[in-house]
Amino acid sequence: QVRLVESGGGLVQAGGSLRLSCAASGRAFSSYGMAWFRQTPGKEREFVAAIRWDGISTAYADSVKGRFTISRDNAKDTVNLRMNSLKPEDTAVYYCASKGTLFSASLYRSPMDYEYWGQGTQVTVSA
């Protein structure tokens, strides 16, 4: 059974930084693409960043490009999201997601392309 557990959320002032982590278990983590999404009440889940199974390629939403960095440590079965220069509009529940397709060469931005999800971690950025 695939399990994804996020951690690292919290309350931070605008301009601050946070590092989210997602620990994966239940299958060969290093063979699957991973992503971070976020969601606020009443809105659809929004793409934040994605990383290919081998870590070679990454993609970012325009709203976070240059501020957020996604990375993965396949030896530790974790994917991280470093968030700098945080803004109040970054406030959301952040979710880690994993694809169900082995060795996918492409990066995907739709929640429909991901089969497994964590429970989410709250990030709150105060003005």
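This is a predicted model: local features need pLDDT of at least 70, side-chain atom pairs count only at pLDDT 80 or more; totals for chains, interfaces and linings use all residues.
Good morning. In what follows, two residues are in contact when their heavy atoms lie within 4.5 Å of each other. Setting aside residues up to four places away in sequence, leucine 81 touches Leu18, Arg19, Leu20, Trp36, Val48, Ala49, Phe68, Thr69, Ile70 and Tyr94.

Leu81 also belongs to the largest nonpolar core, which has 33 residues. Which members of this core touch the most other members? They are Trp36, Val79, Leu81, Met83 and Tyr94. Two or more core residues come from each of strands S3 (18–25), S4 (32–39), S5 (46–51), S6 (58–60), S7 (68–73), S8 (78–83), S9 (92–102) and S11 (121–126). Of these, S5 gives the most, with five residues.

Let me now turn to the chain as a whole. The protein chain contains 11 strands and zero helices. Its radius of gyration is 13 Å, close to the 14 Å that the globule rule gives for 127 residues, so the chain is as compact as a globular protein of that length. Along the principal axes, the C-alpha atoms fill a box of roughly 40 × 30 × 25 Å.

How much of the chain counts as buried? The figure is 43% of the 127 residues. Among contacts with a separation of 6 or more, 61% join residues 24 or more positions apart.

Finally, the surface and the charges. The protein chain exposes about 6,300 Å², and carbon and sulfur atoms supply 49% of that area. There are 15 positive and 11 negative side chains, and the centres of these two sets lie 3 Å apart. Thank you.

Technical notes: Residues are numbered from 1 along each chain as its sequence is written. Side-chain values use heavy atoms; hydrogens and water are left out. Helices (H or I, at least four residues) and strands (E, at least two) are DSSP runs, numbered from the N terminus. The radius of gyration is taken over C-alpha atoms; the globule rule is 2.2 Å times the number of residues to the power 0.38. Buried means under 20% relative accessible area, exposed over 50%, partly exposed in between (1.4 Å probe, protein chains only). Accessible areas come from the Shrake-Rupley method with a 1.4 Å probe; for residues, only the protein chains shown count as cover. Lys and Arg count as positive and Asp and Glu as negative; His and the chain ends are not counted. The place of a charge is taken as NZ of Lys, CZ of Arg, CG of Asp or CD of Glu. A nonpolar core is a set of buried Ala, Val, Leu, Ile, Met, Phe, Trp, Tyr and Cys residues joined through side-chain atoms within 4.5 Å.
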